[in-house]
Amino acid sequence: MLRTFWQHARSRRVDEPDDIDESDIATDAVRKIIHVDMDAFYASVEQRDNPALRGRPVAVGGSSRRGVVAAASYEARKFGVRSAMPSVTAKRQCPELVFVPPRFEVYREISHQIRAIFRDYADEVEPLSLDEAYLDVSRDKAGLGSATATAKLIRRRIRDETGLTASAGVSYNKFIAKLASDQNKPDGLTVIPPGKGATFVQTLSIRRFHGIGPVTAAKMEGLGIYSGADLAAKDMSWLAAHFGNSAEWLHNLARGIDHRRVKSNRPLKSLGGERTFFNDLVTDAEIREALAHVCTVVWDRAAKKGARGRTVTLKLRYADFRTITRAKSLAAPVADGAALLAAGEAILAPLLPTEQGIRLLGLTLSKFDGESDTAADEAAPADLLSLI
């Protein structure tokens, strides 16, 4: 039986300036990391800009039969509506759900406004997407005296300048800061100081761990690992036998150890696009035409960024929601749109003809030469290239 390990004894919600004594984290040897995460960002922007939506369950995305939820307001989440959920499922779970088309140009503009606030308090800012980022505030750039005070001021400025709320986690590394930012959502602040990080991590369900996906989590549960404490009880040899090269990483996470630095210029790892189709694609001609369209979108993005990748990955989702991916690595970077399409067609050919219709087709380009850009602006959910 699945056990729940949700405890608040070692984390504290911060509402007043004097709630946290930071004397144990304000040492030169300890990094001070803040993870800021906007609360239901896309949906909150729509509720801010349209007062008629406030207090109502809102989903950003398409309401058509093949639409996908990109984001859900907290009112909608109470009904189980989540991002990446098919719109028909969301509507079934929440009949009063209001669908709003996405406005990514608006979300990006607000994201840039928020990042400008971050730069007033940290030189090292690592955006993860339009709505979240890590800040290294080990150097007290604004002279506020503590990382907690800095996080409070950042959240206050975001509210005052954008009309939106953000949650934040403050800790001594990225892994715990991100876990902490999710601890008291929405509009919360949680501080996990050194000496309490391992205990905090070990109280949590393994499914809360950033970087452990559903497949790995299910494997862990099959091995009797449900919490960070369960994971911490396993030695390195056991972890290596079951998780291979990930053993050391998992061993460290269970003990609250994460040596990764906050990097201002996070390398672009991949870029891609997907389309979800109103009607399933059945014929070879339809599928190849869809591939050509997605290739055009992906190459336009790659050309704008000057990104030249060597690995092309094709994604197909069938009518029964079974999803497969196939990848091909080339000897040299893809030179142009025609070469990208040729690589995509080479991957697709063995999969045709298909016995089932295709409801989604996607293509991703990765393994870039001279990676130097940031992936944060590639944050629009790929499914929203669909017919919404």
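The model is predicted, so local features need pLDDT of at least 70 and side-chain atom pairs count only at pLDDT 80 or more, while totals for chains, interfaces and linings use all residues. Residues are numbered from 1 along each chain as its sequence is written, and side-chain values use heavy atoms, with hydrogens and water left out.

Let's begin inside the protein. A cavity here is a set of points, on a 1 Å grid over the protein atoms alone, where a 1.4 Å probe fits but cannot get out; its lining residues have an atom within 4 Å of a point. Grid points are joined across faces, edges and corners, and a volume is the space filled by probe spheres set on the points. With this rule, the count is one cavity of 30 Å³ or more, and the largest cavity holds about 60 Å³ of space. Its lining is made up of V36, M38, S111, I114, R115, F118, P127, S129, L130, D131, E132 and A133. The elements that contribute two or more residues to this lining are β2 (33-38), α4 (104-119), β6 (124-129) and β7 (132-136). Helices (H or I, at least four residues) and strands (E, at least two) are DSSP runs, numbered from the N terminus. Helix α4 supplies the largest share of the lining, four residues. Sorted by class, the lining has seven nonpolar, two polar and three charged residues; Ala, Val, Leu, Ile, Met, Phe, Trp, Tyr, Cys and Pro count as nonpolar, Asp, Glu, Lys and Arg as charged, and the others, Gly among them, as polar.

Strand β2 deserves a visit of its own. Six of its six residues are buried, where buried means under 20% relative accessible area, exposed over 50%, and partly exposed in between (1.4 Å probe, protein chains only). I33, H35 and D37 point one way from β2, while I34, V36 and M38 point the other way. Two strands pair if DSSP finds at least two bridges between them. Strand β2 runs antiparallel to β7, with five bridges joining them, and I33 has D136 as its bridge partner in β7. Six bridges also join β2 to β8 (residues 166-171), again antiparallel, and here V36 is partnered with A168.

Now to the annotated pair. The unreviewed UniProt entry places the feature "binding site" at D37 and D131; UniProt positions are given in the numbering used here, feature names are shortened, and annotations may be inferred rather than shown by experiment. These residues span 95 residues in sequence, yet no two of their C-alpha atoms are more than 6.0 Å apart, so they gather at one spot. Of these residues, D131 is included in the lining of the largest cavity. D37 lies in strand β2 and, at 14% relative accessibility, counts as buried. D131 sits in the loop between β6 and β7 and counts as partly exposed at 22%. Contact means heavy atoms within 4.5 Å. Leaving aside residues up to four places away in sequence, D37 touches D131, E132, A166, S167, S181 and K185.

K185 leads on to the backbone. A cis peptide bond joins K185 and P186, with omega about -5°, and P186 lies in the loop between α6 (174-181) and β9 (189-191). D187 is also placed in the loop between α6 and β9, and its phi is near 60°, a positive value in a residue other than glycine.

Definitions and conventions. 1 Å grid on protein atoms, 1.4 Å probe; cavity = no way out; pocket = protein on both sides within 12 Å on 5 of 7 lines; lining within 4 Å.
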